[in-house]
Amino acid sequence: MSRISWSRDAVIYQIYVRSFADADGDGIGDLLGVASRLDYVRDLAVDAIWLTPFYPSPMADGGYDVADFRGVDPRFGTLADFDKLVMEAHARGLRVIIDLVPNHTSSAHPWFTAAVAAGPGSPERARFHFRPGRGPDGAQPPNNWQSIFGGPAWTRLPDGEWYLHLFASEQPDLNWDHPEVRAEFADILRFWLDRGVDGIRIDVAHGMVKAPGLPDAGAASVELLAGAETPYFDQDGVHEIYREWRSILDSYTPERIAVAEAWLPNVERAARYVRPGELHQAFNFHFLGTPWSAPAYRDVIDTSLAVMGEVGATTTWVLSNHDVVRHASRLAAGIGGTAGGATAGGGPAATADPALGLRRARAAALLMLALPGSAYLYQGEELGLPEVFDLPDECREDPVFVRSGGAELGRDGCRVPLPWSGSSPPYGFGPAGSTPWLPQPESWAVLSVAAQADDPSSTLNLYRRALRLRRERLGGRGVKPGRVEWHSAPGDAHLDFSHIREDGTGVRCVVNLGTEPVPVPEAPRLLASESLPQAGLLPPDTAAWWPR
Ligand code: NOJ
């Protein structure tokens, strides 16, 4: 199909529902809270929202443990609230993407409770991966796979059988070789598409199919989310599922899209998910994982554009999400965003200079938004929010923290509820007097939306200006993707490129990742990430845009 997708140059704003806005005052964000803030999102000039899971869930993994794939958890609202949210978003020109979680269910899902009750050898157990253990009495797990969240990927039931869970023990992995599993998810997909959603984000999109016989993994495979080769990630069989889903998506009008959450060893493997007939996009975690270095960024930008271009797909860009240390903290630490540096929540990022981190985060945003392709923003990055490292242990809920006995801080620090207004918590996140599910730092009063709204130098206004300029100068759905022309050399400590559209217009972006000022055009700028002390020179850790 030669049609150019609306997603090709879309900016998609990730809403982590339980931390966005709390309409009913129970301390947990909800769908009506999201609906109440849609004008704010529209005014950012983004094209779509992605809602993280709001399904009925025991919340063992923040809702990625789904007990009913067709419902709404009462903490988040009702199906009627969901329908209202979709309608209100569409009325504002915002598309809606939801999170589909096909790799596992919750242990509270009726299929799993039935499997536990039915016992070994039952057809109910065939929908999951149940196995006898190894060793005398079967007391050893069936293989050596480790959970992404730490500890063995197997849990033993009182009847002696073990079941597989690549994540928390409350998240049993589904057996995608079972026809009922496939049929059920095709039906779930249609259920939400029929309700008018514009797309899906596929959780653990590289994980559903396991190598036949569930063989032991090699030593490298225990790396957390690093994408090393394993018998449980990136198996060829997943692509067959995506071809089926693509035909379902394509049977709807207007267009529906899918984006893969897949942590893979390189961009080449990621491109396999977006081949013709498969998914529209895959998150660019290689961009997210790039440390603050011009040659490193140049490499990932060139590789992403070339490799995704070869399969005719859109390149995506992302700096933060609900699983990694917020980039305003991470980029100052000289670390990349994958593996321990991203997910552990502590390490070098915890001690890095916050002012430097914010400067770099603002510059990185201008870099990302100047590139051809689609960009994903994570709620709160437009406020320059830092990671919260010093949450009290008793407030932390991430299974990464719990399963590591506190050795890893986990991901709660990037999930602290948003500050909207006011001088003390809950900062307008919920009604006055309500207590957000994670405590918000005292220092966030100056970072609230209200505190930044009228300050021309705020991070919020930098994002607003950049997003509007991007829409005016780099948007253009329905035309061919723009191209990048470099003015800097691959080894330079700065990046200097023009994003040129088919009609010859575009934006020139310079980002200084070095330690010395770099010469830049004296011509009038479109915007800069900081006020520039001297015309013609761009200071370190700063970015600016010019007409191409
Ligand atoms: C990826 C999600 O983004 C993360 O939050 C979750 O813990 C895992 N998948 C497991 O569902």
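Where is the place of A45? A45 sits in the loop between α2 (38–43) and β2 (48–51). Helices (H or I, at least four residues) and strands (E, at least two) are DSSP runs, numbered from the N terminus.

## About the model

This is a predicted model: local features need pLDDT of at least 70, side-chain atom pairs count only at pLDDT 80 or more, and totals for chains, interfaces and linings use all residues. Residues are numbered from 1 along each chain as its sequence is written, and side-chain values use heavy atoms, with hydrogens and water left out.

Most residues other than glycine have a negative phi, and most peptide bonds are trans. Some residues here differ from that pattern. A45 is not a glycine, yet its phi is positive, near 70°. A45 counts as buried because its relative accessibility is 7%. Buried means under 20% relative accessible area, exposed over 50%, and partly exposed in between (1.4 Å probe, protein chains only). Y427 also has a positive phi, near 50°. Y427 lies in the loop between α14 and α15. Its relative accessibility is 0%, so Y427 counts as buried.

There are cis peptide bonds too. One joins P425 and P426, with omega about 10°. P426 belongs to the loop between α14 (399–403) and α15 (449–453). Another cis bond joins T253 and P254, and here omega is about -10°. P254 is in the loop between α6 and β8.

## The ligand site

How many residues surround the ligand? There are 14, and the closest are D61, R201, D203, H322 and D323. A residue is near a molecule or strand if one of its heavy atoms lies within 4 Å of it. By class, this shell has four nonpolar, three polar and seven charged residues. Ala, Val, Leu, Ile, Met, Phe, Trp, Tyr, Cys and Pro count as nonpolar, Asp, Glu, Lys and Arg as charged, and the others, Gly among them, as polar.

Polar side-chain atoms reach oxygen atoms of the ligand. For D61 the distance is 2.6 Å. For D203 it is 2.7 Å. For H322 it is 2.8 Å. Taken alone, the ligand exposes 300 Å², and the protein buries 97% of that. Accessible areas come from the Shrake-Rupley method with a 1.4 Å probe; for residues, only the protein chains shown count as cover.

## Two sheets

Strands of a sheet pair through backbone hydrogen bonds, either parallel or antiparallel. Two strands pair if DSSP finds at least two bridges between them. Y13 stands opposite L377 in β11.

Another open sheet has three strands with antiparallel pairing, in the order β4-β6-β5. Its edge strands are β4 (130–131) and β5 (154–156), and each pairs on one side only. β4 meets β6 (residues 162–164) in the antiparallel sense over two bridges. Here F130 stands opposite Y163 in β6.

## Buried and exposed residues

Is T253 buried or exposed? T253 is exposed, because its relative accessible area is 66%. T253 is in the loop between α6 (238–250) and β8 (257–260). The C-alpha atoms of T253 and D398 are separated by 38 Å, and the two residues are 145 apart along the chain.

A363 lies in helix α13 (residues 354–370). With a relative accessible area of 0%, A363 is buried. A363 and D541 are 178 residues apart along the chain, while their C-alpha atoms are separated by 6.5 Å.

N461 is in helix α16 (residues 459–474). N461 is buried too, at 11% relative accessible area. Its side chain reaches the backbone oxygen of D455 at 2.9 Å. A polar contact is a pair of N or O atoms within 3.5 Å; within protein, one must be able to donate a hydrogen and the other to accept it, and residues adjacent in sequence count only if both atoms are side-chain atoms.

## Cysteines

The structure holds zero disulfides. A disulfide is a pair of cysteine sulfur atoms within 2.5 Å. C414 counts as buried because its relative accessibility is 1%.
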